[in-house]
Amino acid sequence: MNLTLHVWRQKNASSAGKMVKYDAKDINPEMSFLEMLDVVNEGLIVRGEEPIAFEHDCREGICGSCGFVISGVAHGPQPGTTVCQLHMRHFKDGDVLYLEPWRAKAFPVLKDLVVDRSAFDRIIAAGGYVSVSTGSAPDGNAVPVPKVNADQSMDSAACIACGACVASCPNASASLFTGAKISHLGLLPQGQPERMRRAESMVAQMNEELFGSCTNIGECEAVCPKGIRLEVIARMNRDFIKASFTHRDEVAEAG
Ligand code: SF4
Ligand code: FES
C-alpha cells in the first residue's frame, strides 16, 4: 500500500516547526505504524535527510514511550491501541495521514514527534509510591483484599504514562493519569498509610506543572490505550478533598 504522510518536523525545542509531506511507498499492511515510519526513515537516511524523530521502546504496548497524534486522534484510529501496536491494515491504500506530537504546555516538543513528558515523572516522584515499611512479601492470603478493590487497582495500574489523555483533553489535564496512579495504590491495604498525603502531593504537583483542570469532557477516557476509566478522577478528587479536611481539622485542633 502507498500513503501520503504530513509530518510535524521541528529541529529542536526552540525552533519553529512545520508540516512536511512524505510518500510512504510499498508498505506491507502487516507492518506496525512505527515499522512503516522506520521504512520512511530508511529512505530519508539514504537521501541524506534527517530521519523523523519519534519515541519508542518496547513496541509491545506496555512501556508508554510511543505516542503521537494521527489525523487528530492520539495513538490513531484503533481504540485501546498504542501507536506501536497499530497496524497498517487498519488504513487504506492512498490514505493521507497527518502526524503531530502531543500538544500541551506541560509537554514541550523536543524534536519532531518527541515531547518532554518529565512532568509525569515529577508527579510520580511527588507521591506515587509506598515509602512506609511493608516488610517482606507476605503470604498471598495473609492480607485479605476485596476482589472488587483488587480488580480496580489492577485496572488502574495498567496506565503506561503515555500522555495521550493530556494530548486529547482541551484543557490538557493530567487528571486521568494522576487519578490512575492515586487509585492503584489507594485501593490496596499497603497504600493506606500515605493515601491522603499522596493525593494531596500528587495533585499539587500536577497543578504546579501547568496541566489544566478536568471539566468532565471525557476525551481522555476515549483515547486511553489502556482503558483507564473516568472514575479514577472521581476517586482522586475524593481523596484530595478528604486530605484537605484532615488538614483543616489538624490546624483547628492545634489552634
Ligand atoms: S491514563 Fe491512559 S492515556 Fe493517560 S497516560 Fe495512562 S495509559 Fe496513557
Ligand atoms: S513502544 Fe512501548 S508502548 Fe509503544
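**Reading a predicted fold, one feature at a time**

Biologist: Let's start with strand 1 (residues 3–9): how many of its residues are buried?

Modeller: 7 of the 7, so strand 1 is largely enclosed by the rest of the structure. "Buried" means under 20% relative accessible area, "exposed" means over 50%, and "partly exposed" is in between, using a 1.4 Å probe and protein chains only. Strands here are DSSP E runs of at least two residues, helices are H or I runs of at least four, and both are numbered from the N terminus.

Before we go on, this is a predicted model, where local features need pLDDT of at least 70, side-chain atom pairs count only at pLDDT 80 or more, and totals for chains, interfaces and linings use all residues. Residues are numbered from 1 along each chain as its sequence is written, chains are lettered from A and ligands numbered from 1 in the order in which they are written, and side-chain values use heavy atoms, with hydrogens and water left out.

Biologist: Got it. Which residues sit on each side of strand 1?

Modeller: One side carries L3, L5, V7 and R9, and the other has T4, H6 and W8. Both faces are covered.

Biologist: And which strand pairs with strand 1 in the antiparallel sense?

Modeller: The general idea first: two strands pair if DSSP finds at least two bridges between them. Strand 2 (residues 18–24) is the antiparallel partner, over 7 bridges. Look for L5 opposite Y22, and W8 opposite M19. Strand 5 (residues 96–100) runs parallel to strand 1, joined by 4 bridges, and T4 has V96 as its bridge partner there.

Biologist: Now salt bridges. How many does the structure hold?

Modeller: There are 12 of them. A salt bridge is counted when a side-chain nitrogen of Lys or Arg lies within 4 Å of a carboxyl oxygen of Asp or Glu. Take D112 and R9, whose closest N and O atoms are 3.1 Å apart. D112 is in the loop between strand 6 (109–111) and strand 7 (114–115), while R9 is in strand 1, 103 residues apart.

Biologist: Are D112 and R9 buried or exposed?

Modeller: D112 counts as buried at 2% relative accessibility, and R9 is buried too, at 12%. R89 is partly exposed, with a relative accessible area of 45%.

Biologist: Okay, helices. Which residues of helix 6 are buried?

Modeller: Here's the rule: an α-helix has 3.6 residues a turn, so residues three or four places apart point the same way. In helix 6 the buried ones are R195, R198, A199, M202, V203, Q205 and M206. Seen down the axis, they fall within an arc of 160 degrees, so they line one face of the helix. That arc is taken from the directions from the helix axis to the C-beta atoms. On the other side, R197 and E208 are exposed.

Biologist: How far apart are the end C-alpha atoms of helix 6?

Modeller: They are 20 Å apart. The expected span is 1.5 Å times one less than the number of residues, and for the 14 residues of helix 6 (residues 195–208) that should be 20 Å, which agrees.

Biologist: Last one: which residues are around ligand 1?

Modeller: A residue is near a molecule if one of its heavy atoms lies within 4 Å of it. Here they are F120, C159, I160, A161, C162, G163, A164, C165, L176, C224, P225 and I228. By class, the shell has 11 nonpolar, 1 polar and no charged residues. Ala, Val, Leu, Ile, Met, Phe, Trp, Tyr, Cys and Pro count as nonpolar, Asp, Glu, Lys and Arg as charged, and the others, Gly among them, as polar. I160 lies in the loop between helix 3 (147–157) and helix 4 (164–168), and I160 is buried at 13% relative accessible area.
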